Amino acid sequence: VNGRIDRYDDNGHGTHVCGIIGGNRIGMAPECNMIVLKVLDETGNGNVGHSMRAFRWILENRETYNIRVVNISMGMEREQNREGARYILGGVELLWDMGIVVVAAAGNLGPEAGSITIPGLHKKIITVGSYDHIKSGQGSISENILKPDLVAPGTRIFSCNANWKDKERQLYVAKNGTSMSTPIVTGAIAQLLSKYPDVPNYEVKRRIMSSCDDLKLPRIRQGSGLLNVGKLLK
């Protein structure tokens, strides 16, 4: 975003997400390797161009770094930029078609039906909602978009605080939203691929959805249900 090659986080969102995926104390998959591509600015906003550059980089370097899973803890409204939405949806579809597991947030524009954000709206990828966050995005029966695919915790999720040193704050901070639910699922998938490295992405999606616990909520609210890591790894 800013043309810098050193590690930095001027917002805090990305560090929090990374800690959930692979933090060595409270992360889901503490032995995973992470490649971080910064596509959002200091205010947490981004543009289509930065995201598309990140997608291209992943495709060009996926074999070099053995990239298996892509976590996308961001979203945009389709009505904001229909052409941009088309590019983003095409980008995640290409990543998926190349064999990468793509995990995206359902967004925080709910709870109304039809509130899933881009790229979580794409039918192929794994879209994660939050079962305990009231604004978690929901699918639309009228458009036959049965999203999210599953849900995970998304309220008061503790993870790494990027600002702890400069502002003398706590090492860990709580955040809310589907941006936090998504890396919980991504970390679980990293564990699955560590145990079963030859599982293709479509089988990962089938396994994670079939191992969920039914919360007895509407399909457009919970998807297949709540993530159950124990069942998934069996």
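**Reading the sheet and helices of a predicted model**

An open sheet of four strands runs in the order β1-β2-β3-β4, with parallel pairing. The model is predicted.

Q: Which strands are the edge strands of this sheet?
A: Look for strands that pair on one side only. Here these are β1 (69-72) and β4. Averaged over the sheet, neighbouring strands are turned by 30° against each other, direction ignored.

Q: How many bridges join β3 to β4, and how do the two strands run?
A: Three bridges join β3 to β4 (residues 150-152), and these strands run parallel. Take the partners one by one. G129 is opposite V151 in β4. S130 has A152 in β4 as its bridge partner.

Q: What about β2 and β3: in which sense do they pair?
A: β2 (residues 101-105) pairs with β3 in the parallel sense, over three bridges.

Q: Where do side chains point in a regular strand?
A: They alternate between the two faces of the sheet. Now apply this to β3. I126, V128 and S130 lie on one side, T127 and G129 on the other.

Q: Are the faces of β3 covered or exposed?
A: Test each residue against the cut-off: buried means under 20% relative accessible area. Both faces of β3 are covered. Five of the five residues in this strand (residues 126-130) are buried.

Q: Now the helices. What span should α2 have, at 1.5 Å a residue?
A: Compare the expected span with the distance between the end C-alpha atoms. Helix α2 (residues 48-61) has 14 residues, so it should span 20 Å; its end C-alpha atoms are 20 Å apart, which agrees.

Q: What caps the N-terminal end of α2?
A: Check for a side chain that reaches a backbone nitrogen. N47 is the cap: one of its side-chain oxygens lies 3.1 Å from the backbone nitrogen of G49.

Q: Which residues of α2 are buried, and what covers them?
A: List the buried positions, then ask what lies over them. In α2 they are V48, S51, M52, A54, F55, I58, L59 and N61. Their cover includes β1 and α3 (82-97).

Q: Is α4 mostly covered or mostly exposed?
A: Count its buried residues. In α4, 14 of 18 are buried, making this helix mostly covered.

Terms used:
Residues are numbered from 1 along each chain as its sequence is written. This is a predicted model: local features need pLDDT of at least 70, side-chain atom pairs count only at pLDDT 80 or more; totals for chains, interfaces and linings use all residues. Side-chain values use heavy atoms; hydrogens and water are left out. Buried means under 20% relative accessible area, exposed over 50%, partly exposed in between (1.4 Å probe, protein chains only). Two strands pair if DSSP finds at least two bridges between them. Axes are lines fitted to C-alpha atoms, for helices over the stretch in contact, and angles run from 0 to 180 degrees between N-to-C directions. The expected span of a helix is 1.5 Å times one less than its number of residues. Contact means heavy atoms within 4.5 Å. A polar contact is a pair of N or O atoms within 3.5 Å; within protein, one must be able to donate a hydrogen and the other to accept it, and residues adjacent in sequence count only if both atoms are side-chain atoms.
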